[in-house]
Amino acid sequence: MTLTNYLVLAAILFTVGAVGVLVRRNAIVVFMCIELMLNSVNLTLVTFARATGTLDGQVIAFFVMVVAAAEVVVGLAIIMSIYRTRRSASVDDANLLKY
Amino acid sequence: MIEAPDLSLAALTPLLFVFGAALVGVLVESFAPRHVRQPVQVALALVGTVGGFASTVFLALADGADPGEVTAAGALAVDGAGLFLQATIAGLGALSILLFAERGLDPAKSAFVASAAVPAGSPRDRELLTDERVQTEVYPLATFAIGGMMLFVAANDLLVMFIALEVLSLPLYLICGLARRRRLLSQEAAVKYFLLGAFASAFFLYGLALVYGATGTIRLSGIRASVTTEGTGTLLVLGLGLLVVGLMFKASVAPFHTWTPDVYQGAPTPVTAFMAACTKVAAFGAVLRLLYVAFGTADWTWRPLVYGIAIVSMVVGVVLGLTQTDVKRMLAYSSIAHAGFLLTGVLGLAGSGLSATLFYLLAYGLTTIGAFAVVTLVRDGDGEATQLAQWAGLARRSPLTAGVMTFLLLALAGIPLTSGFTGKFAVFRAATEVGAWPLVVVALVTSAVAGYFYLRLVVLMYFSEPAEDGPSVGVPGLPTTIVLAVTVTATLVLGVVPGSVLDLADRAAALVG
């Protein structure tokens with residue numbers, strides 16, 4: 001198995017995540033798609049760490065995990081607060097701000 | 001045996017001041033009784049930001065002609081441009097904190113919610129609407145965001161840049177959702193900003209990974225060395241493109257601007273002022289560092305991209321700005337157009353383009369905070385009156401407020417004798433020096449059109465009959481008065497005698513890496 005395969009898999013996962021963000025309606029699912037994008041970046045990073053023979057990529061992957069965890073805390077708090085008011089987590093229902 | 005990295009604590013003082021104040025703020029929030037929190041938090045946040053500002057000035061004076069240094073094992077670059085931007089962010093941050101601290105305008109004594117955990121519109125929420133309690137976490141959160149921004153403009157390493165991006169963004173997402181009135185709009189703004197911001201930072205991160213794969217390093221100087229010796233491949237250019245997308249999102253440059261009007265409108269106005277001024281400075285600081293330090297020797301990779309989005313941003317900002325009926329949304333589109341003007345400066349040569357952009361950022365930041373401060377003054381029974389129609393005949397009710405707003409709008413339009421003119425002149429000159437005159441022509445045309453939508457509000461304030469049940473103009477307390485005085489004075493001084501500040505920006509225009 002060559003390293004290219006991992007890069008291609010990561011690119012596919014990133015694309016799946018990006019498309020998911022654009023087409024899904026539930027804020028939680030959108031958020032999960034963003035997490036998928038971050039994890040595909042982690043896969044890319046460790047693959048490149050192996051390819052270039054440096055450790056930086058693996059270290060960055062740890063940082064990305066920590067940041068993703070912090071993002072979950074903030075994101076779920078915001079989504080929860082709007083859900084408790086509206087009883088819905090759909091991004092289509094939040095439509096007061098436009099034009 | 002692991003060697004400790006070199007750490008120049010002196011060069012880090014501005015950051016230590018701001019982050020220190022934010023951390024103490026968290027402790028105050030946990031241990032201080034409720035009634036003392038507001039004054040203590042405001043004082044702490046001001047000590048942090050003003051201290052950060054003072055220490056950047058001190059560092060700049062102490063360094064003198066020194067081009068700057070790279071510290072923290074190469075992760076941070078403390079140089080002229082970095083210090084100038086850090087001082088700008090800390091100063092504008094202190095002004096924003098003053099706006100946050102205003103107690104005189106809202107009958108409930110704050111623009112921020114009493115308890116963010118109470119669902120909007122519930123009986124308990126209505127009870128708390130007039131309560132004098134305030135969610136004082138906004139002060140440490142804003143201080144963390146200011147610290148993140150100051151780290152962002154000094155990052156000499158893509159990983160530090162990413163961490164700083166998140167440190168500045170995460171608190172901003174939260175404080176966008178903490179308005180006391182129109183809480184649904186505010187929460188919606190927070191959700192939109194959060195989802196789109198996290199989406200953009202995923203792009204930034206993928207760009208980081210591709211650049212790392214292409215060059216084997218994330219240090220900006222290492223990338224520069226690799227670009228110079230080995231040239232640029234597809235992977236590297238793709239990575240650069242994704243990094244730029246992530247940064248342009250934060251700088252609210254069209255076509256990555258879609259969040260801007262919604263978030264600017266929904267967020268509490270002091271927070272909008274903070275975002276419009278400080279986030280813009282920070283994002284452009286990182287853009288400058290990335291493009292000039294890492295990719296300065298391969299400018300053909302980014303020049304066409306920046307050229308294109310500068311035009312898109314100016315045109316989108318101005319054309320959509322014309323159709324707005326809400327003051328805050330209008331100022332949001334104005335901020336998108338100004339991001340386009342700033343990009344014309346970024347295109348300039350490393351020398352004059354850099355100093356012109358630095359000056360423009362300072363001038364624009366001060367003017368825009370002032371404009372949003374005026375927006376907080378015009379109120380009706382339901383909080384701020386932001387509909388354009390409600391501003392009709394404002395000059396009759398309060399000639400002073402209308403006069404201040406007119407002056408600031410003229411500065412945003414770039415009329416001579418205001419800082420807006422000096423800034424625009426500087427960035428356009430920098431762009432013509434590198435032969436980008438078609439871009440300057442577009443910029444001049446869009447400036448003229450933008451003048452129309454600023455003047456439309458001026459005409460509305462002076463030449464329309466005020467409505468019977470129109471809004472009243474609140475009497476600002478000391479904090480807002482200070483902000484208005486500082487911003488108006490600075491806008492005038494930077495327009496009439498800009499020489500010394502232009503000199504300062506010229507001398508500061510150096511990036512190490």
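Reader: What lies between β1(B) and β2(B) in their hairpin?

Author: Four residues separate β1(B) from β2(B) in this hairpin, and B:A72 in the turn has a positive phi of about 55 degrees. The model is a predicted one, in which local features need pLDDT of at least 70 and side-chain atom pairs count only at pLDDT 80 or more, while totals for chains, interfaces and linings use all residues. Residues are numbered from 1 along each chain as its sequence is written, and chains are lettered from A and ligands numbered from 1 in the order in which they are written.

Reader: Why are strands β1 and β2 of chain B said to pair?

Author: Two strands pair if DSSP finds at least two bridges between them. Strand β1 (residues 68-71) and strand β2 (residues 76-79) of chain B have four bridges in the antiparallel sense, and therefore they meet the requirement of at least two bridges. Within this pair, B:G68 stands opposite B:D79 of β2(B).

Reader: Which strands make up the open sheet of chain B, and what places β4 and β5 at its edges?

Author: The open sheet consists of three strands in the order β4-β3-β5, with antiparallel pairing. Strands β4 (383-384) and β5 (472-473) of chain B each have a single partner strand, so one side of each is left without a neighbour in the sheet. Strand β3 (residues 378-380) of chain B is joined to β4(B) by two antiparallel bridges, and B:D380 has B:G383 as its bridge partner in β4(B).

Reader: How many helices and strands does chain B have, and what makes a run count as one?

Author: Chain B has 20 helices and five strands.

Reader: Why is the radius of gyration of chain B said to agree with a compact globule?

Author: The radius is taken over C-alpha atoms, and the globule rule is 2.2 Å times the number of residues to the power 0.38. For 513 residues the expectation is near 24 Å and chain B has 22 Å, so the two agree. The C-alpha trace of chain B spans about 70 × 55 × 40 Å along its principal axes.

Reader: What makes a residue buried, and what share of chain B is buried?

Author: A residue is buried if 20 or more other C-beta atoms, placed from the backbone, lie within 10 Å of its own; 12 or fewer make it exposed, and values in between partly exposed. Buried residues are 62% of the 513 in chain B.
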